[in-house]
Amino acid sequence: MEESCGSYASVYEPNGHTAWADHQQRQEQEISDNLRRKIKYFFMNPCEKYVARGRKPWKLMLQIIKIAVITIQLVSFGLSNQMVVTFKEENLMTFNHLFLKDYVDGRGDSYALYRQDEVYEHIHYIVEKYSHLRNITVGNHAYEKIGDTYTPLSLCQEFYRNGSISPANETFKIDAQIETECLEIFPVFPMDRPIEEDLLNFVVHFNRLLNVKIKFTLKAINLQTVRHRELPNCYDFDVSITFNNQAHSGRIKVDLDNDVDINECRDWKVTGASPKNIYYPLVFDCLIIITCIASLTLCTRSVLKGIQLQFEYTDFCHVQHGKQVPWSDRLEFLNGWYILIIISDTLSIIGSILKIEIQTKVLTNYDVCSIFLGTGTMFVWIGVIRYMGYFKKYNILILTLRAAFPNVVRFIGCAGIIYLGYCFCGWIVLGPYHEKFRTLNTVSECLFSLINGDDMFPTFKHMQQKSYLVWLFSRVYLYTFVSLFIYMILSLFITLITDTYDTIKHQQQDWVPVSELHAFVSECKDLPTSGRYRVEGESGSCTLSSFCTPCIPRCNDRRGRLSSDSITDLDQSPDIGS
């Protein structure tokens with residue numbers, strides 16, 4: 001009896017253990033296969049997903065529609081904005097010709113005065129033209145009116161409080177406190193007194209003068225927008241004419257500038273245009289907002305699914321293999337293209353709302369709307385590269401850019417330090433002798449142009465030769481900069497990109513897995529046409545679709561039940577009893 005029990009135990013234990021081990025191994029292999037299949041499906045392109053599960057590529061179709069409608073919206077807004085910019089620029093040019101005596105287009109900083117009588121003559125000229133504006137302008141300009149009173153023209157001069165300057169004796173005494181003296185001139189209709197009476201008490205203190213400023217406000221209406229199914233805007237032009245004498249060099253520079261304020265007209269009536277035509281753009285903008293919201297929702301859902309799948313893969317590696325997943329593999333599940341589309345959708349929605357407010361005259365700030373719409377459209381078009389990446393020849397470009405980006409950032413950081421050193425050196429040494437090195441901004445622009453081979457000869461030629469030492473230094477400075485950045489740094493930069501391209505190309509040719517995640521997924525040989533992707537997640541509660549942290553205890557309980565059932569079956573087996 002003991003021998004039979006002993007023989008029974010010797011037969012039972014190995015066979016039972018083997019049966020349970022085989023069952024457990026098959027279950028783990030099934031979970032692994034399901035996980036591989038699910039991850040492989042996640043990284044498929046829309047066409048492969050359609051073949052695998054028959055799901056239509058809604059995001060792809062929505063992105064194509066969105067690109068078309070957003071581009072049309074941007075072009076429409078750009079044409080409208082172009083009319084606004086043109087109206088502003090042409091009014092500025094008009095004011096220059098109306099109020100600056102003997103003004104010629106293109107003079108810029110060269111418009112200056114050198115005699116005292118010229119200063120008085122130009123001040124009188126400005127006040128006279130302002131007073132007779134209605135009779136001389138060909139535009140629809142008018143004075144600003146508050147209630148029943150026209151706003152006046154303001155004539156102010158700023159000067160030092162007290163001063164005694166004697167260049168001959170090389171002595172001076174100055175009070176640095178600044179005083180302001182102003183005179184207001186109202187437009188009167190009809191002109192019942194000459195303009196000279198208003199200017200009799202205005203005396204310019206040339207020896208202490210800092211500047212003379214003439215300010216006034218004019219109004220105008222931009223009627224050209226009616227032809228483009230957009231209500232006209234009313235414009236306030238705050239014109240400022242400055243006689244700048246801060247340098248006290250004997251040259252008073254004259255500059256005219258205007259600040260534009262766009263407002264909704266108080267009372268308007270448009271005939272000859274259907275109201276439906278005017279509000280068609282508003283309906284189109286609402287359609288774009290709905291499209292972007294749908295795209296934003298779908299892409300956000302895809303990002304969340306990727307994050308969930310990343311947790312499933314991390315839990316699987318931790319439970320089955322007892323190891324941590326590196327962050328490089330985890331970030332593979334975070335699709336950067338979807339994040340880019342989400343950002344572009346957000347910007348497009350905000351820009352479309354601002355555009356609607358501009359069209360309904362609730363808001364008149366074109367600049368903010370342009371930034372949102374322009375940036376959103378740029379990101380939308382960049383997102384097209386994602387779908388081109390599904391083709392092998394285009395995908396290598398995207399992979400090269402992504403792989404080379406960290407090295408490029410580090411390389412630019414090192415090169416930028418050298419670049420800043422040259423900027424500061426050129427500004428402090430060559431600034432007094434070369435107009436392109438007067439400010440840090442112009443120095444940076446000049447050196448960047450030299451790197452690209454632009455404007456190289458004029459940069460050398462326009463260097464003043466007043467100081468031979470500085471001229472010699474400029475030659476050494478420019479030659480070393482050009483040689484260092486063009487022949488060395490730029491060549492190294494190109495080599496960095498080329499090496500990355502060659503590496504990616506060899507990896508694609510040899511099909512070598514570049515990460516543990518890629519090696520794990522590469523073991524799945526199921527094609528999209530195999531039909532196995534259609535039933536994924538429907539075989540039970542402990543398949544891949546439910547293999548996450550909350551499901552792990554249930555899986556362990558199920559394994560325990562399977563083990564007990566296996567032992568019971570073995571106890572009741574007639575073969576073992578015999």
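**A charged cluster and its setting**

Guide: D117 is partly exposed, with 43% relative accessible area. That label covers the range between buried (under 20%) and exposed (over 50%), with a 1.4 Å probe and protein chains only. The model is predicted, so local features need a pLDDT of at least 70 and side-chain atom pairs need 80 or more, while totals for chains, interfaces and linings use all residues. Residues count from 1 along each chain as its sequence is written, and side-chain values use heavy atoms, without hydrogens or water.

Now the partner of D117. Its side chain meets that of R115 in a salt bridge, at 3.1 Å from N to O. The term means a side-chain nitrogen of Lys or Arg within 4 Å of a carboxyl oxygen of Asp or Glu. R115 is partly exposed too, because its relative accessibility is 46%. R115 also meets E118 in a salt bridge, here at 3.3 Å from N to O. E118 counts as buried because its relative accessibility is 17%. Together, R115, D117 and E118 are linked in a network of salt bridges. Side chains of opposite charge can pair when their charged atoms come close.

The whole structure holds nine salt bridges. Another one joins the side chains of D285 and K355, at 3.1 Å from N to O. This pair links distant parts of the chain: D285 sits in helix α7 and K355 in helix α9, 70 residues apart. Helices (H or I, at least four residues) and strands (E, at least two) are DSSP runs, numbered from the N terminus. Both D285 and K355 are buried.

On the surface, L304, I307, F311, W327, L331, L334, I339 and I343 form it, with about 780 Å² of accessible area together. Areas come from the Shrake-Rupley method with a 1.4 Å probe, and for residues only the protein chains shown count as cover. Patch residues have over 30% relative accessible area and no salt bridge; nonpolar side chains (Val, Leu, Ile, Met, Phe, Trp, Tyr) are joined within 5 Å, like charges within 9 Å. Helices α7 (275-321) and α9 (336-359) each supply at least two of the patch residues. The largest share, three residues, comes from α7.

F311 lies in α7. F311 is partly exposed because its relative accessibility is 49%. I343 lies in α9. With 39% relative accessibility, I343 counts as partly exposed as well.

Next, the strands. Strands β5 (residues 153-166) and β6 (residues 171-185) pair in the antiparallel sense over 13 bridges. Pairing requires at least two DSSP bridges between two strands. C156 has C182 in β6 as its bridge partner. β5 and β6 form a hairpin with four residues between them, and E170 in the turn has a positive phi of about 55°.

β5 also pairs with β7: six bridges join them, and they run antiparallel. There, E158 has N211 in β7 as its bridge partner. Strand β7 (residues 209-222) in turn runs antiparallel to β8, with 12 bridges. I214 stands opposite I241 in β8. β8 then joins strand β9 (residues 252-263) through 11 bridges, again antiparallel. C234 pairs with N263 in β9. Strand β8 (residues 233-244) is mostly covered, with 10 of its 12 residues buried.

How far does the confidence reach? The chain averages a pLDDT of 79, and 83% of the residues score at least 70. pLDDT is the predictor's confidence in each residue, from 0 to 100.
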